[in-house]
Amino acid sequence: MYTLTGLKLKNPTILAAGVLGTTGASLCRVAREGGAGAVVTKSIGPAPKTGHSNPSMVRLDCGFLNAMGLPNPSYPGFLQELEFAKNNSSVPVIASIFGGNPAEFAEVAEGLLSANPDAFELNVSCPHAEGYGAAVGSNPCLVEAVTAAVKDVVNVPVWVKLTPNVADIRSIGTAAESGGADAVVAINTLKGMAIDIESGYPVLGNRSGGLSGKAVKPVAVKCVYDLYTALEIPVIGVGGISSWEDAVEMIMAGAAAVQVGSAVYDRVDIFSEIGAGIEAFLERKGYSDIKKIIGLAHEMV
Amino acid sequence: MYTLTGLKLKNPTILAAGVLGTTGASLCRVAREGGAGAVVTKSIGPAPKTGHSNPSMVRLDCGFLNAMGLPNPSYPGFLQELEFAKNNSSVPVIASIFGGNPAEFAEVAEGLLSANPDAFELNVSCPHAEGYGAAVGSNPCLVEAVTAAVKDVVNVPVWVKLTPNVADIRSIGTAAESGGADAVVAINTLKGMAIDIESGYPVLGNRSGGLSGKAVKPVAVKCVYDLYTALEIPVIGVGGISSWEDAVEMIMAGAAAVQVGSAVYDRVDIFSEIGAGIEAFLERKGYSDIKKIIGLAHEMV
Amino acid sequence: MLPLNATITQITEESPMVRTFFFDPGFEGLEPGQFVMVWIRGVDEIPMGLSRNNSITVQKVGEATSKLFELKEGDSFGLRGPFGKGFTLPVKGEKILVIAGGVGAAPLSPYAEAAFVAGAEVHTILGARSTGDLLFEGRFDALGKVSVSTDDGSKGVKGFVTDILKSLDVAAYDRIAVCGPEIMMSSVFRLLEERHVLEKAEFSLHRYFKCGIGVCGACCIDQSGLRVCKDGPVFTGVQLIGSELGKYSRDASGRRVKI
Amino acid sequence: MLPLNATITQITEESPMVRTFFFDPGFEGLEPGQFVMVWIRGVDEIPMGLSRNNSITVQKVGEATSKLFELKEGDSFGLRGPFGKGFTLPVKGEKILVIAGGVGAAPLSPYAEAAFVAGAEVHTILGARSTGDLLFEGRFDALGKVSVSTDDGSKGVKGFVTDILKSLDVAAYDRIAVCGPEIMMSSVFRLLEERHVLEKAEFSLHRYFKCGIGVCGACCIDQSGLRVCKDGPVFTGVQLIGSELGKYSRDASGRRVKI
Ligand SMILES: Cc1cc2nc3c(=O)[nH]c(=O)nc-3n(C[C@H](O)[C@H](O)[C@H](O)COP(=O)(O)OP(=O)(O)OC[C@H]3O[C@@H](n4cnc5c(N)ncnc54)[C@H](O)[C@@H]3O)c2cc1C
Ligand SMILES: Cc1cc2nc3c(=O)[nH]c(=O)nc-3n(C[C@H](O)[C@H](O)[C@H](O)COP(=O)(O)OP(=O)(O)OC[C@H]3O[C@@H](n4cnc5c(N)ncnc54)[C@H](O)[C@@H]3O)c2cc1C
Ligand SMILES: Cc1cc2nc3c(=O)[nH]c(=O)nc-3n(C[C@H](O)[C@H](O)[C@H](O)COP(=O)(O)O)c2cc1C
Ligand SMILES: Cc1cc2nc3c(=O)[nH]c(=O)nc-3n(C[C@H](O)[C@H](O)[C@H](O)COP(=O)(O)O)c2cc1C
Ligand code: FES
Ligand code: FES
């Protein structure tokens with residue numbers, strides 16, 4: 001058992017927001033079959049959104065590009081999914097939420113409270129939803145206000161998910177911490193784009209979107225490394241993790257736990273695989289506890 | 001023949017700064033054997049620098065990570081290399097320069113003038129040299145001042161090379177344009193890091209560095225796309241280009257020409273290959289001129 | 001992978017609202033029942049079953065399909081795929097029952113053909129609203145027996161495919177492959193459930209697809225959480241026991257919508 | 001690729017300042033003359049020729065090599081490679097001359113062995129400052145004739161490898177492979193140039209390496225602009241005509257430094 005902001009996880013791998021998180025059943029499947037230590041829902045907002053038109057996600061040579069556009073049935077519509085997940089999964093279920101301002105964030109959080117999510121993750125980092133996500137998350141004052149607003153209305157841990165599309169992610173992490181965040185999650189996708197040269201059309205329905213997967217791992221490792229030096233609260237690492245080696249790297253950079261998104265493309269049970277790989281690594285190297293390697297890279301000078 | 005900020009290029013592919021640009025002979029080789037339409041030197045500064053300790057560059061699954069640390073023999077030391085390049089290559093030679101402030105930039109530019117570089121490229125974007133590069137390039141006022149300072153002392157075109165490690169690259173591009181830049185170049189590397197999990201050590205001697213190659217192409221395409229909408233001056237696209245298809249994509253995003261760096265890893269004559277590929281593409285699709293596809297993606301709605 | 005450029009080589013009008021678009025290049029090593037994501041540039045990208053290794057057969061229903069209907073031979077669209085899990089091929093000597101309703105015949109026709117080539121005996125139940133809507137009757141005819149039903153009785157049995165199915169000894173078939181409107185599929189499902197033959201039946205489902213590659217979760221079905229785009233679109237009857245089939249699906253926002 | 005973890009399995013003291021480090025895992029399919037980048041963590045990463053497919057032979061000269069000398073069996077370092085272009089192997093029946101000075105014997109020993117296995121006749125000129133510094137004399141001895149020179153005359157000819165070379169009929173050899181201090185290599189180069197046999201000679205060069213993979217340009221030589229790390233480290237004599245060899249090299253900042 002592994003404790004993260006008070007939540008008990010059977011392993012330090014967590015399903016990332018927006019991936020296989022639209023339905024309660026899907027979240028349960030990732031926990032059960034996939035072996036995830038916890039699961040984060042699709043980001044839920046104040047009003048139903050159908051998201052951007054397709055193509056909304058494509059695979060690239062290196063990584064994936066997506067612009068889902070935060071499709072969600074709104075918090076009233078999502079309650080039954082969250083309840084299903086809570087009732088049928090044996091792992092913590094974290095509700096990812098978004099809004100355009102502190103009041104909206106608080107409204108959505110309160111609206112989901114009746115389903116008893118184990119924590120909230122605030123999406124202030126989606127790069128392709130106008131007025132939401134990174135539009136909020138690149139402004140430290142707004143990040144602090146949003147965090148504080150949600151902390152005010154809930155009694156469970158609040159994680160804040162950060163965007164790498166800023167000059168210095170530490171300032172945003174610090175703002176989240178000041179707002180009372182229990183952890184930060186880094187990173188959301190990097191702004192990116194692909195163009196179909198046969199036609200000249202941008203490939204994504206939204207024209208541009210967010211880069212995830214293998215391509216972003218070095219960026220995510222650097223963000224986690226930097227946040228670890230700047231913050232007291234735990235950093236949860238996400239971005240390009242598709243093997244236990246990637247997870248160990250992220251943990252050594254300073255991640256207290258990792259999230260995995262795009263790599264479910266390869267296999268849903270990637271979580272079990274990573275969890276087991278980390279265990280075997282700790283054993284082989286004689287580390288008594290995962291804590292021994294969290295942030296290890298900072299000590300190696 | 002192809003004209004870019006007044007320079008005549010035999011094709012729109014340019015050697016990127018810091019790659020095979022330490023010596024005059026090497027620059028000539030890239031022009032001659034490699035087929036580049038123009039070449040940019042290693043970034044040259046006011047004083048000799050040995051750069052960071054090794055490892056200073058490693059290949060990743062996706063792309064490359066480097067932290068050279070702006071090694072250079074200073075402008076007096078580089079003059080003979082630049083002269084050699086100018087005298088022995090039949091293509092435009094652009095001097096990449098850096099400094100910690102406007103005065104240093106101007107000093108270096110003036111110091112290299114006697115070798116008659118065809119243009120200057122201002123490196124305000126290197127992510128791993130304290131006090132230089134991105135430290136300057138994420139501050140619009142400083143970018144404008146640096147650009148204006150160099151414009152004041154030289155009569156050749158001035159290009160400004162931008163960092164993607166900012167919340168909105170357009171504001172930096174606009175600052176360069178206001179300072180009198182003749183073109184912007186986007187992008188320099190993305191902040192990134194890799195850790196050796198066997199030992200816990202960060203792999204690069206400088207601990208962190210910059211990501212280049214395939215991994216960053218979607219980020220570069222997006223930056224170029226955004227800059228194209230915001231600026232009047234040409235945008236030169238760089239980042240992850242390793243085929244003519246990549247180059248066409250970048251051009252459709254808005255690039256008036258492309259630079260190629262990491263892909264010389266595969267082959268030095270990548271420039272000829274890309275140049276020929278673009279030509280063949282234009283012919284197959286019946287475009288009379290490359291200008292027909294510059295920024296084409298913006299028209300496809 | 002990014003969408004490939006597919007050029008339309010031929011367009012066949014199957015019925016007023018259904019056309020087959022042949023394209024080049026086609027796919028090699030297709031699993032019948034797999035689908036592609038068809039990108040009508042500037043409009044939308046939508047899933048389509050493959051009716052051959054180089055054709056899709058499209059019913060005009062809304063914006064994207066209407067735009068597709070405006071395209072001519074020589075025009076092109078973007079294509080990603082083939083994706084997902086197809087139907088299980090029978091082995092030589094097996095007897096299979098193919099139950100196709102409306103454009104559901106599209107992914108079933110290459111399946112029936114592959115089954116025939118594998119040496120199976122193919123019996124098809126082909127349903128549609130009216131004679132003119134019967135899709136690929138000729139292709140199925142060439143493979144074995146075809147039982148036709150039309151809603152208006154203009155050809156074959158008046159009624160639904162289930163009306164034919166009811167009268168058959170389903171125990172006589174080794175495999176049953178089903179694709180059609182969800183209402184039809186759920187009737188078939190209930191019937192086969194009653195007859196205790198779900199383990200040899202396969203159903204090709206439709207759900208709202210976003211990514212099409214098994215990552216976003218838009219297409220997951222209850223209670224299993226299986227992804228229609230990657231774990232399906234073809235599921236065994238057993239996988240669908242107690243599922244949302246015939247009850248509800250989710251729209252683009254993830255909201256449940258009654259079937 | 002990222003550095004692999006190589007564990008030191010054995011350390012052999014070749015002379016007071018030269019040690020061979022055997023490591024695990026070794027490389028398969030090594031081209032003799034290729035090098036690796038050896039990462040002494042927390043210190044530096046430096047190029048080293050491979051003296052076997054699982055060993056490097058290191059002269060202690062500065063910070064990184066000193067740290068390496070502090071490592072014990074069971075310790076490990078990071079390893080990237082093998083990189084670069086090695087020596088051209090002779091074919092059966094050919095006669096080769098190997099000219100090795102100091103630690104230059106390191107990359108030449110696996111070359112001479114591979115040449116021997118290929119059926120060539122191997123003649124080695126081995127030079128060093130003193131008897132105790134002669135590297136791999138036994139390995140070369142096992143392959144054929146060895147002519148020794150020492151600066152102090154403690155063994156063989158007193159003087160340099162060129163003093164032996166002068167007296168040989170170089171026309172009798174099909175290939176000549178050279179590695180050693182640059183001063184020595186440039187003397188050999190001039191001698192072979194005079195005798196018009198540069199086209200059959202190959203030289204392994206040392207320059208300051210940063211990336212080691214042919215991208216950064218730190219190691220390029222004049223006037224060709226060839227990269228020692230990727231186009232070399234082994235070059236033919238012809239490639240080096242009119243080059244900077246023996247004249248100057250560049251330091252870590254790119255400044256020219258007289259040899
Ligand atoms: C696996 C699969 C295979 C299919 N095979 C075929 C086929 O062979 N022939 C055929 O005619 N149709 C097929 N469809 C249905 C086809 O995808 C829809 O008819 C098409 O998307 C309608 O697009 P539209 O823009 O014209 O309609 P819209 O006006 O956008 O919507 C009409 C209805 O089409 C459906 N639809 C729209 N977008 C999508 C989407 N992204 N994913 C899924 N459904 C959508 C929804 O039910 C929607 O209510 C298949 C669907 C799936 C999931
Ligand atoms: C292709 C190649 C193969 C080599 N093979 C061998 C070998 O088999 N055995 C052996 O003992 N030595 C070999 N060397 C030389 C070896 O790399 C240097 O002795 C070593 O780098 C010294 O490191 P240091 O930190 O101990 O010395 P420092 O104190 O850092 O420097 C001493 C000198 O070593 C050289 N040096 C330092 N760093 C580098 C570098 N990154 N690249 C190149 N030279 C450097 C420079 O000339 C420098 O002046 C080879 C060099 C090259 C380029
Ligand atoms: C299809 C898709 C949808 C996503 N949706 C969300 C979302 O709703 N909220 C959010 O905070 N992050 C979202 N993300 C970002 C991921 O949670 C994650 O931060 C990012 O993909 C990097 O991790 P990865 O490389 O493991 O995918 C989404 C990513 C993908 C690929
Ligand atoms: C080894 C290396 C050294 C570089 N040095 C410089 C430099 O000195 N100045 C600069 O402006 N950019 C430098 N760059 C950045 C490149 O010019 C280019 O912007 C970046 O690598 C992205 O392009 P690519 O993906 O084609 O390599 C360097 C890149 C690499 C890989
Ligand atoms: S459509 Fe995204 S998982 Fe199926
Ligand atoms: S060391 Fe970088 S090119 Fe040779």
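These legends go with a few close-up views of a predicted model. Local features need pLDDT of at least 70 and side-chain atom pairs 80 or more, while totals for chains, interfaces and linings use all residues. Residues count from 1 along each chain as written, chains are lettered from A and ligands numbered from 1 in written order, and side-chain values use heavy atoms, leaving out hydrogens and water.

**View 1. Ligand 2 sits between chains B and D.** Its shell (residues with a heavy atom within 4 Å) holds 21 residues, with Pro47(D), Thr57(D), Gln59(D), Ala64(D) and Thr65(D) the closest. Strand S4(D) gives the most, with 5 residues.

**View 2. Backbone atoms of chain D meet ligand 2.** Look for polar contacts (N or O atoms within 3.5 Å): a backbone N or O atom of Gly49(D) is 2.9 Å from a ligand nitrogen. For Gln59(D), a backbone N or O atom is 2.7 Å from a ligand oxygen, and Ala64(D) also has one 2.7 Å from a ligand oxygen.

**View 3. Phe21(C) and Phe69(C) pair up edge-to-face.** Rings of Phe, Tyr and Trp (its six-membered ring) pair if their centres lie within 6.5 Å; planes under 30 degrees apart are stacked, over 60 edge-to-face, the rest tilted. Here the centres are 5.9 Å apart and the planes at 65°, so edge-to-face it is.

**View 4. Lys230(D) reaches over a ring of chain B.** Its charged end sits 3.9 Å from the ring centre of Tyr265(B) (the rule: NZ of Lys or CZ of Arg within 6 Å of the centre and within 35 degrees of the ring normal).

Methods:
A polar contact is a pair of N or O atoms within 3.5 Å; within protein, one must be able to donate a hydrogen and the other to accept it, and residues adjacent in sequence count only if both atoms are side-chain atoms. Helices (H or I, at least four residues) and strands (E, at least two) are DSSP runs, numbered from the N terminus.
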